[in-house]
Amino acid sequence: MAAKLFGIMMINVQSIELSIVNLRTLKQVERVRSDVSLGEDIYDQHTIDYDSVEQATQALTGFIQIIHDYGVEDYHLWGSWSLSTADNADYIQDQLLVRTGLKIDWLSNSQETYLRSAAVAVNFPKFKQVIQQPTYLLGINSGSVGISHYNHGNFSFSRSLRLGPVRIAEVLEDLQSTVPNYVEVLDDYISSEIADFGRFLPATNHQPSNVVMLGVAPFSNLFQQQTTKAGVTEMTKTDFQALYNDVINASDQYLMDKYEVDENDVHFIVPELLLINELLQLTNAETIWLGNVTVLDGLIIQEAVKLGYKKYNFNDQIVTAATNLANRYNVEPKHRDLVTKFSLHLFDQLKPLHHLGKRDRLLLQVAAIVHDVGSYIDPHQHYMHSDYILRATEITGLTNDEKQIIATIARYHSAQTPSKDIKHFEHMTLEQRLVISKLSAILRIADALDDGRQQKITKISVSIKNPKVIITCYSHDDLFLENWVFSQKAEFFKEVFGLTPVIKRRGVR
């Protein structure tokens, strides 16, 4: 029986890519790239060039023909976060849909960072070994850098820096012709942008670290000699410094001849090299590993997991990112952990009522971890503050829709309910509204069980006995406050699920 193939397309600022892959083996049978620049001035003008839509249409039409030639029935088109931020992104999305029949699903910045991490973890053989020591993963694209940190074999931190070579080159396009010391001024600009960002890095950044760098053209051209000779994918600080010295003041012709840089990309080389140099100093890089995987490779892995062909699980990165966010806003850890524990137990025991899936369980877990971040601003109506903090904050691995869902769940974990705030739901689908209502109802109950922040209840058990959901709470203490708060928050649970939750106390032996 022939292997079933899947087509994954990715549209970036400078190119469009297609991979036709056997998801069972992750073997790619075709990989095609078309150098179509949709974002010629996207970081300066904040719009996608309408004239390039015709080129993109032709490229995508060609991709569809290739897909059909392979007999592929399932395929999908993704769009980069940078393109999605353009003022006219919705119009371009609609034009391409009309002309090609392909709908772009936009990625979030945090998704791209997460997908690169997944791609490296699967495709870089030495990755598990390398991350036993402090290691940074730098994913460089046209307009941003995704930075992830690992240590002792575990993911510990992720954050995005909105500074990439194309963005720098566009914003400072006039600088080269107006100042005599262009490189020096450019370096000062990049350094100033990075300086404040460095405060958020883990405390281990003063230690020597490994750095895994990923990027596309012109990055791939610049480093291809190091990545291709005898299979070597490793550089030392000395190797990088030699490359830096050779390139930084070189002529365009020299770069095109020696490094095979395309004429259209050559003016990005200096901004990129200066940016990399600053990042390597910031992370105290000792050994540099060069990778050639991209977000597209991460999308392949994501699709294989989604369809059940592979069992990779990188959800720990999402949970760690949520915990880091809670810590940043001084969320009380004992209450946070107990509410998370109770929320997940309730979710698992109430499956006959909610019919939600594994991803929804993960969203509940994240919401339980971060629901109190708004107390950092003001405990009064903290749920309102939690809502706007979470909408404005990246959480590694979540889509923009999922981030909005978590923010809305946090909004309704306390006093308000979705039923009394319909306007907040107008932009959401029916399915999203139901997920939010169900998860909010569960989180409200879990939060009520530790309303006094004293962890009186050590564990719970749940049983469904129509018309009630009986929650047995094991505790040495009286639960007068918890019962009172629970009775108030239980009303919304009853409204959503049609059953009345009740507390029964049982002493702990």
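A: Two strands count as paired here if DSSP finds at least two bridges between them; strands (E, at least two residues) and helices (H or I, at least four) are DSSP runs numbered from the N terminus. Bear in mind that this is a predicted model, where local features need pLDDT of at least 70, side-chain atom pairs count only at pLDDT 80 or more, and totals for chains, interfaces and linings use all residues. Residues are numbered from 1 along each chain as its sequence is written, and side-chain values use heavy atoms, leaving out hydrogens and water.

Now the sheet: it's an open one of 3 strands, in the order E12-E13-E14, with mixed pairing. E12 (457-465) and E14 (500-506) sit at the edges, each pairing on one side only. From one strand to the next, the twist averages 25 degrees (axes are lines fitted to C-alpha atoms, and angles run from 0 to 180 degrees between N-to-C directions). E12 and E13 (residues 468-475) run antiparallel and are joined by 8 bridges. Look for Lys465, whose bridge partner in E13 is Lys468.

As for the loop residue, go to Glu332, in the loop between helix H15 (315-328) and helix H16 (333-349). Glu332 has a relative accessible area of 36%, so it's partly exposed (buried is under 20%, exposed over 50%, partly exposed in between, with a 1.4 Å probe and protein chains only). A polar atom of the Glu332 side chain lies 2.7 Å from the backbone nitrogen of His335. Asp372 is 40 residues away from Glu332 in sequence, yet their C-alpha atoms are 8.4 Å apart in space.

How values were computed. Polar contact = N/O pair within 3.5 Å; in protein donor to acceptor, adjacent residues only side chain to side chain.
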